[in-house]
Amino acid sequence: MSGPGRAAVVTGLGAWLPPRVVTNDDLAVHLDTSDEWIRTRTGIRRRHVIEPGEATGDLAVEAGRRALKSAGAETADVVVLATSTPDQPCPATAPAVAARLGMGAVAAFDVAAVCTGFVYALGAGAGLLASGFARSALVIGADTFSTILDPGDRTTRAIFGDGAGAVYLTAGDAAEPGALHGLSLGSDGEHSRLIEVRAGGSRQRSTGLSAEVADTYFTMQGRPVFARAVRHMAASVRTSAAESGWDLGDVDTFVLHQANARILAAVAAQLDVPAERFVSNIDRVGNTVAASIPLALADACHSGALVPGARVVLGGFGGGLTWGSAALVWPDLEVPQVRAAAWATS
Ligand code: UT7
C-alpha cells in the first residue's frame with residue numbers, strides 16, 4: 001500500500017464446488033487405473049466436476065458471492081479472476097462474473113498463471129490497492145480442468161478437479177490481522193513446455209491448419225514438475241516467511257497448492273517443519289488449479305485447522321512455470337459453507 005503501514009487486508013473468504021463427485025473407482029471403470037494407485041501416489045480419493053454446459057464463470061460467481069457475504073460487502077472496486085480455463089478464449093471471464101454479481105461498471109480482468117494463478121491475482125489485487133486505484137478487490141481463483149483433460153489420460157484425469165474460491169481484500173493497516181505481506185512471485189519460462197495445452201492459441205492458429213485433437217488437451221510431465229514444485233514452493237515459502245520477519249518454526253499453518261499429498265510432505269521435509277502444519281484437503285477435491293489455495297483455506301476454517309491469529313503462509317506452483325507465496329496473520333472471518341457434500345468423509 002502507498003504510505004507506511006498501509007496494506008491489503010483479507011476481510012472475506014468464500015468457496016464453491018460443483019455437486020457432481022467423481023471417485024477413484026468411477027475413473028477405474030473406464031481407465032486403466034485403481035483407487036489404490038491414485039490414493040498412494042497422490043492422496044486423492046475424489047474430485048468434483050461440472051456438468052455439460054457449465055463453465056468456470058458459474059463457479060466463480062458462486063465463490064465470489066460467498067466471499068462478498070463473508071466480507072459483508074455488496075461490491076468491490078475491482079474483480080481479479082485467476083483462471084486458465086476461461087469461459088471462452090476471448091473476452092476475459094471476469095467482467096461477466098462482475099456483472100452477474102451485480103457489481104456494476106467495476107474494473108475486471110483475468111490473470112493466467114495456472115496453479116499459481118491465485119497468488120498472482122492476490123498480488124495484482126494488492127497492487128491496485130497499493131496504487132490507490134482501488135479501496136477493495138474481489139480476488140477469485142476458479143478452474144474447470146475437467147474441460148481440457150484427455151478423456152483417455154489416466155494420469156491427468158486422476159489428479160484434477162473443478163472448483164472456485166475467493167477472498168475479499170480491503171485497504172487497511174499492515175499491523176491488523178489479515179494484512180498480506182511477504183509477497184514473493186517467480187517464473188521459469190525455459191521450462192514452460194513441462195505443463196501445456198499445445199493448440200488453441202496464436203502459434204497453432206496462425207498456421208491456418210486445424211489442430212490435432214491430442215494437442216487440444218492439457219499435458220504435464222509429472223516427474224520433472226514434481227521436483228520443481230517441491231524446490232520452488234519451499235524456496236518461495238522461505239522468502240515470504242523471512243520477509244515477514246518470521247522463522248519457519250513460527251509459522252502455524254502452511255496453506256500450499258494442493259497438487260499431490262507427496263509434494264506437501266516433501267516441502268515440509270525440505271523446510272524441516274512438522275507436516276501436520278500443512279493444510280490438506282486434496283483427498284476430497286484433487287488439484288483444483290487456481291481454486292486450490294482459497295478452497296483449502298475455506299476447508300481449513302471449517303475443520304478448525306486454521307484459526308484466527310494463526311501465522312499463515314500461502315504458496316503455489318504451476319504452469320509457466322510459475323510460483324509464488326504470501327504471508328498473513330489469519331483474521332476472524334465468517335466463512336459461508338462450501339457445498340456440504342465436499343467435506344463429508346468416506
Ligand atoms: O498443479 C501443477 C503442478 N503439478 C504437480 O505438481 C504435479 C506433479 N507430479 C505428480 O504429482 C506426479 O508426478 C504424478 C501424480 C503426476 C505421477 O506420479 P508419479 O509417481 O510421478 O508417476 P509416474 O508419472 O512416474 O508414473 C509411474 C507409473 C507409470 O507406469 P510405468 O511407465 O512405470 O509402467 C505410469 O504410466 O505409473 C503409471 N501411472 C498410472 N498408473 C495407474 C500414471 N498414472 C497412473 C494412474 N493409474 N492414474
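Reader: Where is L321 found?

Author: In this predicted model, L321 sits in the loop that lies between β12 and β13.

Reader: What makes the peptide bond from G320 to L321 cis?

Author: Look at omega: for the bond from G320 to L321 the angle is near -15°, and that bond is cis. Most peptide bonds are trans. Another cis bond joins C90 and P91, and there omega is about 0°. As for where that one is, P91 belongs to the loop between β4 (78-82) and α4 (94-100).

Reader: What makes the phi of V114 worth a look?

Author: V114 has a positive phi, about 50°, and yet it is not a glycine. Most residues other than glycine have a negative phi. You'll find V114 in the loop between β5 (107-111) and α5 (117-130).

Reader: How do you know that strands β12 and β13 pair?

Author: Two strands count as a pair if there are at least two bridges between them. β12 (residues 311-318) and β13 (residues 322-329) have eight bridges, so by that cut-off they pair. The two strands run antiparallel. For one of the partners, take L314: its bridge partner in β13 is A326.

Reader: Why are β8 and β11 said to stand at the edges?

Author: Start with the order of the strands, which is β8-β13-β12-β11 in an open sheet of four with mixed pairing. β8 (181-187) and β11 (253-256) each have a single partner strand, so one side of each has no neighbour in the sheet. On average, neighbouring strands here are turned by 15° against each other, direction ignored.

Reader: What is the strand order in the open sheet of five strands?

Author: That one goes β1-β7-β6-β4-β5, again with mixed pairing. Its edges are β1 (6-16) and β5; each has just a single partner strand, so one side of each is left without a neighbour in the sheet. From one strand to the next, the twist averages 20°.

Reader: How do you know that β6 and β7 pair?

Author: The cut-off is at least two bridges. Strand β6 (residues 136-143) and strand β7 (residues 163-173) are joined by eight, so they pass and count as a pair. They run antiparallel, and A137 stands opposite L169 in β7.

Reader: On to the ligand. How many residues surround it?

Author: 23 residues do, and the closest are T33, R41, R154, N260 and N287. To be counted, a residue needs a heavy atom within 4 Å. By class, this shell has eleven nonpolar, seven polar and five charged residues.

Reader: Which elements give two or more residues to the shell around the ligand?

Author: They are α2 (35-42), α6 (154-159), α8 (222-243) and α9 (261-271). The largest share, five residues, comes from α8.

Reader: Why is the ligand said to lie between domain 1 and domain 2?

Author: Both domain 1 (6-173) and domain 2 (181-343) contribute residues to the shell around the ligand, so the ligand lies between them.

How values were computed. Residues are numbered from 1 along each chain as its sequence is written. This is a predicted model: local features need pLDDT of at least 70, side-chain atom pairs count only at pLDDT 80 or more; totals for chains, interfaces and linings use all residues. Side-chain values use heavy atoms; hydrogens and water are left out. Ala, Val, Leu, Ile, Met, Phe, Trp, Tyr, Cys and Pro count as nonpolar, Asp, Glu, Lys and Arg as charged, and the others, Gly among them, as polar. Domain bounds come from an automatic or database domain assignment. Axes are lines fitted to C-alpha atoms, for helices over the stretch in contact, and angles run from 0 to 180 degrees between N-to-C directions.
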